[in-house]
Amino acid sequence: MRVVVSVDWEGSGFEADDLAAFCEFRDDFPNIPLTHFLNAAYFTRLGPNDVMGAVSASDKIRTVLRDGDEIGLHVHADNHLLHAAGVAPKKFPSWDNLPDLTGHSVPLSTFSEAEVRQIVHFSCRTLMQQGFDRPRAFRAGGWHAGSNVLNALAAEGFIVDSSEVPHDWLPKGFGDVERLWPNATRLSQPYRFEGGIVEVPDNGCLADYVTSDQMVDTFNAVARSARQKPAVLSLGFHQETAAKFLPRLRSALGQIERRAAMQGIPLRYERAQDIATAPWLPKTERPIQIAPSDVAAAAASAHVEASRAAEKLARAAWLCKAGTSTVADAPTAAAKGASSSPEQTAKAAWLRKVSLGPA
Ligand SMILES: [Zn+2]
């Protein structure tokens, strides 16, 4: 059994208790190489001339890197990252079905292939400028990788994607995950896409969404289904929530190691790139046919400039959040801006949710 342990770096920031929990994990499990899905947003959130800020961010990241780790790439559509990459940010749609002024929960799958290439290329360049290895493995923010993302990754020289996730680990209606990965299960195993990308499914999800017992159950299920064949279990956590959720993973790994030893199952910790280059990986290639959702497909082909109505709505939502509600404007804004654009569709969903708009 191969176990890939990965870290999603959200690009949001660093808290001392998260880094401390992360460091402690490295000390207590020195045998585990990690696949870091690192994020260039730590650097684009800084001012363009903030050299000290960039050095500080790099130093903090390096405190939890160890020899033998893999540097991969994680991308969310944060406004500052997209601005820096030269791509227009969006507020809709988001996997929360709420307007997102930060862009963080806007799926990458709703951008065109050319835009995704631009963001990915810029992100790699930024990380390399900070002295990190050139990423070859990728996980999309919110696991939202459609065919546009996979084609962009192949064109940018990536060899691994790890965005496939079983939707039932996530909150109900978590964006388009179910439609993007309809066949994903806890038993999903690595496979090749046409164009050279190897998909290493995140079959055990990340610690924020699964308990220790569920991680152990996934190990048992994968072990049972694999019999004597090589099989992969993917587990992981987020840097930004390490203090809260890493204990779940620590506990699960301890139990998994004990069970594997008892059952005579050889356990190997590997990185995503080790899986992608393994000789036992089936040679058959699957076409990249991950159908983006209606929303995503429309967004990919539509001009992505936010409409005035969307701006007004997002502002109303923000005001509402800030406690100075003028949200009564919102339905009017939506009615005025009525069209079939993906932003409008997402907005209508949001309005229905907050009972302000037409049913
Ligand atoms: Zn993320």
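Reader: Which residues of α5 are buried?

Author: The model is a predicted one, and a residue counts as buried in it if 20 or more other C-beta atoms lie within 10 Å of its own. By that test the buried residues of α5 are Glu-115, Val-116, Arg-117, Ile-119, Val-120, Ser-123, Cys-124, Thr-126 and Leu-127.

Reader: What covers the buried residues of α5?

Author: Both strands and helices take part in the cover. The strands include β2 (34–38) and β3 (70–75), while the helices include α2 (41–44), α4 (79–85) and α6 (147–155).

Reader: How far apart are the end C-alpha atoms of helix α5?

Author: Helix α5 covers residues 113–129, and at 1.5 Å a residue its 17 residues should therefore span 24 Å. The computed distance between its end C-alpha atoms agrees with that expectation, being 24 Å.

Reader: Which residue just after α5 takes a positive phi?

Author: The place to look is just after the end of α5, where phi is about 95°. The residue with this positive phi is Gly-131.

Reader: At what angle do helix α8 and helix α9 pack?

Author: Helix α8 (residues 212–226) and helix α9 (residues 242–263) have their axes 8 Å apart, and α8 passes α9 in a right-handed crossing. The angle at which they pack is about 35°.

Reader: How many residues of the contact of α8 with α9 are nonpolar?

Author: From α8 come Ser-212, Met-215, Val-216 and Phe-219, which meet Arg-248, Leu-249, Ser-251, Ala-252, Gln-255 and Ile-256 in α9. Of the residues in this contact, 1 is charged, 3 are polar and the nonpolar ones number 6.

Note on methods
Residues numbered from 1 in each chain as written. Predicted model: local features only at pLDDT ≥ 70, side-chain atom pairs only at ≥ 80, totals over all residues. Axes fitted to C-alpha atoms, helices over the stretch in contact; angles between N-to-C directions. Helix = DSSP H or I, 4+ residues; strand = E, 2+ residues; numbered from the N terminus. Left-handed = near helix turned anticlockwise from the far one by under 90°. Contact = placed C-beta atoms within 7 Å. Nonpolar A, V, L, I, M, F, W, Y, C, P; charged D, E, K, R; others polar. Expected span 1.5 Å × (residues − 1). Buried ≥ 20, exposed ≤ 12 C-beta atoms within 10 Å, placed from the backbone.
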